[in-house]
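Visitor: I would like a walk through this structure, one question at a time. Where do we begin?

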Amino acid sequence: MALECINGKILHVDLTKRTTWVEEPPESFYRTYGGGSAMGLTYILKETPKGIDAFDPANVMTFFTGMPTGLLISGQSRISVNAKSPLTGAIGDSQSGGFFPARLKHAGFDGIVVRGKAASPVYLWINEGEVEIRDAAHLWGKQTHESEELIKQELKDTNVQILQIGPAGENKVRFAAIISMMNRANGRTGMGAVMGSKNLKAIVVQGALRKKAADPKALTELFLRGTKRIPDTPSSHGLHVDGTAGGVGWQNFTGGLPTRNYNEGQFEGHETIGGDVMTNTILVKRDTCFSCTIRCKRVVETEYKGIKVEGRFGGPEYETIGTFGSYCAISDLSAIALANQMCNQNGLDTITCGATIAWAMESFEKGQLTLEDTGGIDLHFGNADAMLKMVELIAKREGFGNILAEGSAKASKIIGRGTEDNLATAKGQEAPAHMPQVKRSMGLIYAVNPFGADHTQTEHDGSIEETAGEDARLRMSQIGMTNFIKPGVIDKERSKLVAVTQKVLSCVDMMGLCSFVWGVGWVLYFPAELVEMLRAVTGWDLSMEDVFEYGERRINLLRAFNMREGFTRKDDDLAPKFFRPLQGTGPSKGIHYTREEFEGMKDEYYRLMGWDIQTGNPTPEKLAELKLDWVVEVM
Ligand code: SF4
């Protein structure tokens with residue numbers, strides 16, 4: 001294979017038959033699908049039977065890197081995991097960074113396709129092209145740090161990279177995460193539960209098969225150019241200094257910090273849980289992903305009521321501080337850091353976990369849940385002990401935790417009593433900590449995104465409002481966005497922002513890139529440099545048009561899966577809460593969507609995407625335009 005940035009090899013695993021084989025696709029496969037979830041969907045759409053349960057062994061699961069993964073440039077070591085989601089019933093999609101994605105590439109494979117279910121727990125051992133399915137019965141039931149140690153001892157190698165599930169995945173908690181390095185998570189859409197349903201405890205990789213860019217000199221120049229920018233670029237320097245948690249204060253100032261289960265936009269306790277507080281109190285180190293100079297990851301050490309929070313479990317991101325903090329009205333940073341640690345030990349998505357507990361807290365405050373339901377746990381807002389107890393019970397699926405392990409949308413169906421009115425979800429997935437009432441474009445992307453509410457799939461409003469800095473304006477103009485959007489106003493320009501930036505960020509995802517470096521916020525590079533980088537990596541004559549086409553192809557593949565499962569326009573919706581005026585204090589008080597403006601945004605978005613406005617689904621013509629004719633056939 002002429003392309004030196006990839007291995008040209010995809011590993012196939014049939015757990016039922018306990019067999020593996022290697023596929024060597026032609027370069028045209030990489031040229032068309034790029035990597036990540038677009039590649040994964042080419043297998044899932046063809047092989048996963050329509051309408052199956054997400055825990056059926058026939059639910060094909062894919063793990064794909066991108067073409068730049070494992071090369072020496074910031075923000076390239078990411079992996080996408082896909083399968084039908086047990087949380088939403090739609091396509092599942094989740095990315096994570098760290099060192100595993102680069103090491104998988106160095107171990108000789110660009111991606112893995114997993115089918116079937118092992119008769120007993122196993123793990124996959126991939127060592128420089130050699131593959132073994134090994135027994136994992138002794139690892140079953142172990143938390144991530146325990147399995148990590150046991151696997152390293154067993155393989156006599158402390159330097160292997162491990163992607164694994166914890167007890168939550170084994171117990172099929174519907175929002176179970178896949179964890180690497182004990183602190184990085186493929187968190188969203190329950191991919192850890194799918195791994196658990198397959199009796200696949202872990203994937204372990206080792207290797208030094210370094211890949212090369214087509215133009216190494218150009219890539220190095222780009223790497224150094226970005227690195228030199230960090231001290232003078234407030235957004236990337238801020239991300240380095242205070243991590244994503246540095247956003248807490250600003251979000252609160254704008255009335256956009258979801259508080260008490262998304263009923264308010266300002267939290268009175270925000271001053272004790274922000275990134276600056278973390279930096280000045282419990283932060284002991286800044287960590288990074290393979291070859292990234294930003295180093296935005298947190299390492300914290302603290303203690304909550306005698307329980308140690310250890311550095312190896314990382315530290316809470318902005319989202320985690322939101323869901324376990326302001327969503328639950330908890331202002332104790334150590335309690336939040338402990339919740340983060342427990343999620344990383346057990347393999348839980350911190351967003352859905354914290355948000356589901358917040359939903360239960362609101363239901364409890366309204367008397368829709370009682371002490372009898374919760375097993376005697378006082379689930380009032382602000383009760384950190386109760387929040388931590390629920391994390392433990394959810395991971396074990398014990399007591400009331402067994403109901404919350406379904407996620408808030410499914411739990412509300414079990415409980416009823418009006419609790420569905422308290423949901424803050426889209427397509428059954430809990431909303432991240434960026435409020436659609438304040439960042440008005442978020443509501444649209446939460447609704448139309450194929451895998452439910454997700455804040456990384458569109459550019460955030462501030463980048464294209466009149467107050468945006470010069471760099472932000474230049475970035476937007478490079479992707480054809482030259483008009484400002486007016487804060488709070490819902491018009492066609494807003495739908496355009498979502499449609500255009502979703503395509504760019506979709507390309508970022510499928511290429512295995514970090515959206516801080518190459519996407520949302522564009523803290524280090526410009527869109528034109530994304531094209532420059534992809535050209536240096538592949539040697540192909542790529543343009544911004546190709547970036548749009550790649551991104552659009554991925555979105556259409558994901559949407560096609562949902563279409564086949566019966567999803568239509570009516571599923572592109574937000575929970576009723578988002579149509580009610582926000583309570584509390586601050587500039588967002590009283591804001592909400594009207595049904596009319598929300599449906600109008602969707603009409604314009606579908607039009608811009610070239611989809612059927614009545615159904616919200618891709619048309620055969622659009623699929624053909626994207627070289628996806630085969631999708632029409634497999635539908
Ligand atoms: S910006 Fe942060 S999350 Fe992204 S690659 Fe760098 S260290 Fe990892």
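**Domains and contacts**

Guide: The domain assignment of the protein gives domain 1 (10–206), domain 2 (255–423) and domain 3 (440–634); such bounds come from an automatic or database domain assignment. This is a predicted model, in which local features need pLDDT of at least 70, side-chain atom pairs count only at pLDDT 80 or more, and totals for chains, interfaces and linings use all residues. Residues are numbered from 1 along each chain as its sequence is written.

Visitor: How many residues of domain 1 are in contact with domain 2?
Guide: Two residues are in contact if their C-beta atoms, placed from the backbone, lie within 7 Å. The centres of the two domains, taken over C-alpha atoms, are separated by 26 Å. On the domain 2 side 27 residues take part, and on the domain 1 side the number is 33.

Visitor: Which element gives the most to the side of domain 1 that touches domain 2?
Guide: Helices (H or I, at least four residues) and strands (E, at least two) are DSSP runs, numbered from the N terminus. Two or more residues of that side come from each of helix H4 (144–155), helix H5 (167–170) and strand S10 (178–180). With three residues, the element that gives the most is H5.

Visitor: Why does the length of helix H13 agree with its number of residues?
Guide: The expected span of a helix is 1.5 Å times one less than its number of residues. H13 has 16 residues, 350–365, and should therefore span 22 Å. Its end C-alpha atoms are apart by that value, 22 Å.

Visitor: How many of the residues of H13 are buried?
Guide: A residue is buried if 20 or more other C-beta atoms lie within 10 Å of its own, exposed if 12 or fewer, and partly exposed in between, with C-beta atoms placed from the backbone. H13 is mostly covered, and of its 16 residues the buried ones number 15.

Visitor: Which residue in S5 is the bridge partner of Ser80?
Guide: Two strands pair if DSSP finds at least two bridges between them. Strand S4 (residues 79–84) and S5 pair in the antiparallel sense over six bridges. Six of the six residues of S5 (residues 91–96) are buried, so the strand is largely enclosed by the rest of the structure. Ile91 and Asp93 point one way from S5, and on that side is also the partner of Ser80, Gln95.

**Positive phi and a buried tyrosine**

Visitor: Is Ala329 buried or exposed?
Guide: Ala329 is found in the loop between helix H11 (318–326) and helix H12 (333–346). Its phi is positive, about 55°, although Ala329 is not a glycine. Most residues other than glycine have a negative phi. Because Ala329 has 21 C-beta neighbours inside 10 Å, it counts as buried.

Visitor: What does Arg397 count as, with 18 C-beta neighbours inside 10 Å?
Guide: Arg397 also has a positive phi of about 55° and is not a glycine. It is found in the loop between helix H15 (384–396) and helix H16 (401–404). With 18 C-beta neighbours inside 10 Å, Arg397 counts as partly exposed.

Visitor: What separates the C-alpha atoms of Tyr318 and Ile273?
Guide: Tyr318 lies in helix H11 and has 23 C-beta neighbours inside 10 Å, so it counts as buried. Leaving aside neighbours within four places in sequence, its contacts include Thr244 and Ala433. Tyr318 and Ile273 are 45 residues apart along the chain, and their C-alpha atoms are separated by 9.6 Å.
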